Structure formats: structure tokens, C-alpha cells
Amino acid sequence: MAEGFLPQPKNKTMEEVGDDYFVALLSRSFFQRRSINCDEYTMHDHVRNLAKFISKQFALSLADDCPPEIVSNTRHLSFHENFASFQEAMRLRTVLELNFSGYNICKTQVPLPMTRCLRVLILSKRRNITKLPNSIGSKLMHLRYLELSYTLIKRLPDSICKLCNLQVLNLSHCRDLDALPREMHKLVNLRHLDIIDTPCMKEMPRHLDRLKCLQTLTKFIVGKHGGFGIGELRKLTNLRWRGPFSIVDLQNVGPLVDVKGVNLGGRKYLEELVLEWKNDTNASESQKFVLNSLQPHSNLKSLNIIGYGYKYFPDWVGDASFSNISFLRLENCKFCLSLPPLGQLPSLRDLSIVGLHEVDTVGPEFYGDGCSSTKPFGALKVLRFAYMLRWKEWFSFDTEGGAFPNLRELYIKSCPEIRVLPFGIHHIVSLDKFEILECSQLPFPYGRQWLQTKTNRRDELQTGLLELKINRVDALGFLSWGGGLPCTLKTLAIESCRMLELPAHLNYSSLEDLTLYYCDSLKSFPLDLFPNLLRLVIEWCGNLESLDQHENGLRLSLIDIYLHGCPNFSFFPRGGLRAPDLKEFRIKNCISLRSLPNKMHNSSLENLCVEDCPELESLFEWGLPSNLNTISIVNCEKLLASRMVWGLQNLPFLKRFEITGKSEDVKSFPEDEVLPTSLTYLYILGFQNLKSLDNKGLQHLTALEELCISDCPKLECMPKDGLPASLSMLNISYCPKLECMPKGGLPASLFTLNISYCPKLECMPEGGLPASLSTLSISYCPLLKKKWEKIEGEDSEEWHKISHVPNKYIDEERIE
């Protein structure tokens, strides 16, 4: 546990000591940059189970689908996205929203718990939080941990400065936050303040140095016009933060004497540092003085310099004394003429050099003075160069043995003038991944030397390269030169290579993943050349006409095929695809395709997607694969016309079916027994003349759980006999003529009902909504809104039909 986190038990009850200890544990998680997981704080599963048993009357964990009644003695509450009933739990100490997997996009304002006992309030990633109530300072006097990270909050109320017990304030990734309260210095017990990734903030509040307990500060903004200057940073003497620390807006540094007192070199706890200048338009020598004065302690592990504007870096950047630096990034230092000697850093593992426009050569200065006994960049594993607009030559390291002995990944992107790569770089046998994008001047076969190791015999060329991506180079020369692809290459992506050919004499047997983009010269793809290929992606190859495979050829290993945006593609192999392990088959925007490959009925295909193929007339001629689990058919009008002979009703494992089309012939869907009884998800979209849903066809779907109907402008009513009894979710949107729901009522199992943009919908089932309904959302349905909205605080006549639903939303506003 970090220094200063342990609570002081003197004159406190056991319950208060327990609360302090829980806050301390959360603080430790914050300090170590870990996700909060309550299971981390127990030593063993049995201990956790015992703790749950003992605390079950004081601690509750609520799921969205089954909120229990909150009793008055509840102390600790964790909940999922839409729970907000805190009124009955007046003794809450902890409120934690379990929402780590994604954002809560609900836009309704949720009332915050205003219980005086509250110690911990965590509402991370809740996008509906834009402000806090002014009463927070008077009602939550005992609050010690407040987290609002990833919310849309713009400004905190000034009353928050009354929370004199607050120890942790996490506002990280609040990208709309523009300022902190002026009287932040009144938070005398504040130990951790996280404001990382808050780009709208322009200055720090004054007198922050009065926070004598402050140990964590993730960002410092240098003010201008008499604001909080960089000299104030020297007064924050108690910082013990080991995570990322950013000093931004360094262009605002006033008197240069102020920067000397910052003394980053004396802050031995500092491990990750970001130094950033903004909006600089000239190469100022004063910036060299500032950067030189901000030399950190040698314990530093990560360094990011952004927008530095002088011609040369100070001597400490790249000095071998910084033996712990493992990550370094130089970004948009657009006036620098040369690179610092970064090869001297013995622990450097990840290096990015981006936007150094004036650097035209990378040579000996990059590797260092050569005095060290170790190879330059001896620990480096990842190297990136990007947007080096004038870079022309990269010279090799002359000392025997070369450099980069452990390099695994190399990326060169958007360096349009680069012509020379190091001769010695082809000795790097450790390289696994190489991407070279938008470097049109780099010649092949010279660049081909990057991919192979020199040996005495031509047939013993070896390399460890596993993944390669190239863009806008002469791919024909690349593939043909030097005997073909490396024998270990697993993944290859080629983009915008208009002269691409696939010579038959080359060996492609190592490839498992192949992606081709914008390769217009490719007319046919020879599947037989790729016996071990698992995934094939071909996109926007305008002249591709076919996939070729001999009828008696080898069985392919393919498990995924994706064709997209190939307007001339028309043919699959005549004998069908000999790919028995194929599981996913997606074809999009192939406007000339008339038929899918035959003889697929014995394949392992599970997912089929056909989209924007207007000439496609039928599915697989020999029958559908029995393992199909998901089928999606979008804008294939001729295919839709033959739906009665698809044979979907014979698929025992089909769970999801999505169909979209503008066919004028479809007036009722789905016809009786067109779909199998195994179906659990049905999505119907875009039927312009659909007037009704077929009663028999729907009742036949006895396992259906989710039904989505959208963009059906002539749909007038739902089936008279109701919907399948198994249905748990119903979504209806953009049906402007829909007037009524099933008169017989909605299924008793229905859990979620979402209706939007149905302006004529007025009649709901006479018996009301089912008791099982947990969430009701009505958007842009004016007649329903008029029925259910409250007038001057009084319930409407129809209110009783929805009053039992726990979560009710009208036009995205929660109603109670």
C-alpha cells in the first residue's frame, strides 16, 4: 500500500475504520493504475465467500434485470447501468457502478445518491453525467473517493470544495471538462487528483501548493497572462506519483528563471513524463533552455516530447545515464534537424519518431558515439517512423555486429522521400512484423533486403519475419525479387499496388492471412497457390473477376473469406470451393455476382453474409450447410424473390436471421415455415411495401427472443394473434403508419420494449403491458407521449398501464 494510505483508527468506531480501509484499498488501485475489481481485495475464494456471507445484509450487488428492494441498513452498493433508486438506502457508504466493459450511453440524468454517510462514489463511463448538483458540498461531507472518469461533465460546482474529507478525485478522460473549481486548495485532505486527457482545460486553479497531502497529480497546465505559472510546480513537494505526469502548454513559460526551480531531476518517484508545447510557429532557442531545465531524474521509464521547437535536442535526451527508459516518443518536433543519440539508451524497448519534418538523414548521430560495449538499440523491440516529410536516407551502423539485435516490429509510414534504408538492417533475424506504407520512392529490390538474412548459399535464405504490410510500392518487383516471400511469413497485407501479380512459381505455403486492397491489376485469384491460407480478404479490387481452383486440387484450409467492393467479380470455382473447414463467408458490394459457389452443403459454414449483390439469384445450389448459425441478407432483391425455396426451415442450428431489402413484392413476411423454429433473433429492415407481419409465420417461431422491425413505411399493424410467447425484446422504429400493437396483448415474457419514430402509434394492448416488462423506451411517438406524460405533476389517465415498469423513458428522458 502506498505511503499515507493507511487510516488512523484513533477515536474511530470499527465501522469507520472499515470505511477508511476500503477507501485506502480503492486509493491503492487508483495509485497503481488498475481497474477496480472487488475480488482483488480478497486473499482467497473461501475468504471472499465468507466475506459475502457475513456482509450480505450490508452489501448488495444489483444487476439490471433483477433490482431487489434496497433495505435501510445497506452500506455498500454496486450496480449496473440503469439502476438509480437510492432513496431507501439512507446509510449508504459505497456506490460503485460496475461498467468497465463499455460506456453507459443512456442520456437521461440519473439522480445521485445524497446520503450523508456516503464515503465512496464511483460513476465512471456514465455519458449522461454532465454536471453535479450544487448540494454535493453540503450533503456529502464525509465523501472521500469520487470518480467521474470518462463522463461528459463540463465543470464541477464550487461547493465541491467543501468536501474537506475528500482524498481521491478522479476526472481522467473527461474531455469536456474546461476548468477546476477556483478554491480547490480548500480540499485539505486531497491526496490524488487525476486530470489526464482533459484537453479543454486551459489552466490550473491557484494555490494548489497549499494541498500539503497531495501525492498524485497527473497533469500540470502552464498558465499564461499571470495564471498558474510553471514556477508553482516547485511548491508541490509531496508528489509521489509513479504514473504518467504531463506538463503541457510549455509555450506559456514566462521568465526562464522560473523553470529552473521545478527540479524534476530531484523527483525520484517520477517514472512517466510528457512534455508538450502547442501552437509554436518558430524554432525558439528558449525552448532548448526550457527542455534542458526540465531534465528528469534518471529513474524515468517513459518519455514523450511533443511540439518541441528548437533545431537540436539538449544533451540529456538520449544520454546513457537514463538506463531505465523503456518507452520514448518524439512527436511534431517539426524544426529539429537531427535526431538525438537514442541508441545509447540500454533499456529502450519502444521508440516512435513522428512528424520531424526537417530531418533528412538518419545516421551515426542516431546510434550514439560507439563507446559502449553493447550494440546500439540493444533492447529495442518496436521502432516507428511516421510523417518524416523530408527524410531521404537512413544509413547503417558501421560497427561490426550492427544494431537492433532484438527488433521485433518495424513501421515506416508516410515518408514520401525515403530512398535509402540501412544495408545492415537485413541482418535482423528477430524481426516479426514490418509495415511500410506510403513510401513511394523506396525502390525494390533494394528494400527486399530487409526481409532476408544473408548466407553463403542462395537456397538457405532465412528470416523470422511473420507479418508484412506494404502500401504504394512496386509489389510485383517486391514479390518476384530474391526468390519470393520469406518462408516464415504468416500475414501479408498489400494495399494500392496497381502492378500486383501472383507468380505461380513462388512459394506461398507459409501464408495464413492475406489481405489485398485496391490492387486493380488483379483479375483472378489462384486459391491453389495458398494451401495453408486461413483468412482471405479482398477489397476494392476493381478488375477482379474470379476465384480459381482446380476441381481435383488440394483441400484448402480456409476458415474465413471476405470479398468487398469488387464490381466485376462474377465467378467462383466451377467445382465449388474445396474448403471443408470454412466457417465465415461474407460478400459485399459485388454487383456482377449471380451465384454462390455450389457443393457447399457439406462444409462447416456457420456465418453467411450477402450484402448489396443485386444480381445474385440464389443461395447455394446443392443446399445450405447444416451448421449455419447466422444469415444476413441485405439489398439482394433477386435473391429475396426466391426466398420460398431457400430451405432455411431445414437448418437445425440457425439462431440469427437478418434481412433487408426494398422489394416491392413483399407485402407480408415471414411466410409460414420459411424460417426454422430454432430462430432466436429476427431483424426485418427496409421493406417498402410490407403492410403486415404474417401471423402464422411468426407463431411458428417458438424460440424467438428478439424481434427488430425498422424502416417499413407501410406497416400498419402488428399480428392480431400476438407475437411469439418466447419473445423477451421487441424493437420497432421508423414505421410511420403503424397505429396499434397486438390487441391480444404482448408476450408475458417480454422484458424490453423500444419504440421510436412511429408518429401514428396510439393503441397499446387493452390489458396493458406485461408484468415482466423491465424497460420501456418511447422516442418521437407524439401520441403515446401525450397519453403518458405527466401534466403539472399529475398522472395521466393511461399512466396505470405503464406505472409498474421500473425503467421508463420518453424521448430519452427518464420518467418516474
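Which residues are linked with Asp560 in a network of salt bridges? The network consists of Asp513, Arg535, Asp560, Glu584 and Arg586, a salt bridge being a side-chain nitrogen of Lys or Arg within 4 Å of a carboxyl oxygen of Asp or Glu. The model is predicted, so local features need pLDDT of at least 70 and side-chain atom pairs count only at pLDDT 80 or more, while totals for chains, interfaces and linings use all residues. Residues are numbered from 1 along each chain as its sequence is written, and side-chain values use heavy atoms, with hydrogens and water left out.

Asp560 is found in strand E26, residues 560-564 (strands, E, are DSSP runs of at least two residues and helices, H or I, of at least four, numbered from the N terminus). Asp560 is buried, at a relative accessible area of 11%, whereas Glu584 is partly exposed, at 27% (buried means under 20%, exposed over 50%, partly exposed in between, with a 1.4 Å probe and protein chains only). Residues that Asp560 touches, leaving aside those up to four places away in sequence, include Arg535, Glu584 and Arg586 (contact means heavy atoms within 4.5 Å). Glu584 and Arg586 meet through their side chains in a salt bridge of 3.5 Å, N to O.

The structure holds 27 salt bridges. In another of these, the closest N and O atoms of Lys638 and Glu615 are 2.8 Å apart. Lys638 lies in helix H8 (637-641) and Glu615 in the loop between strands E28 (607-611) and E29 (630-634), so this pair ties together parts 23 residues apart in sequence. Lys638 is partly exposed, at 37%, and Glu615 is also partly exposed, at 24%.
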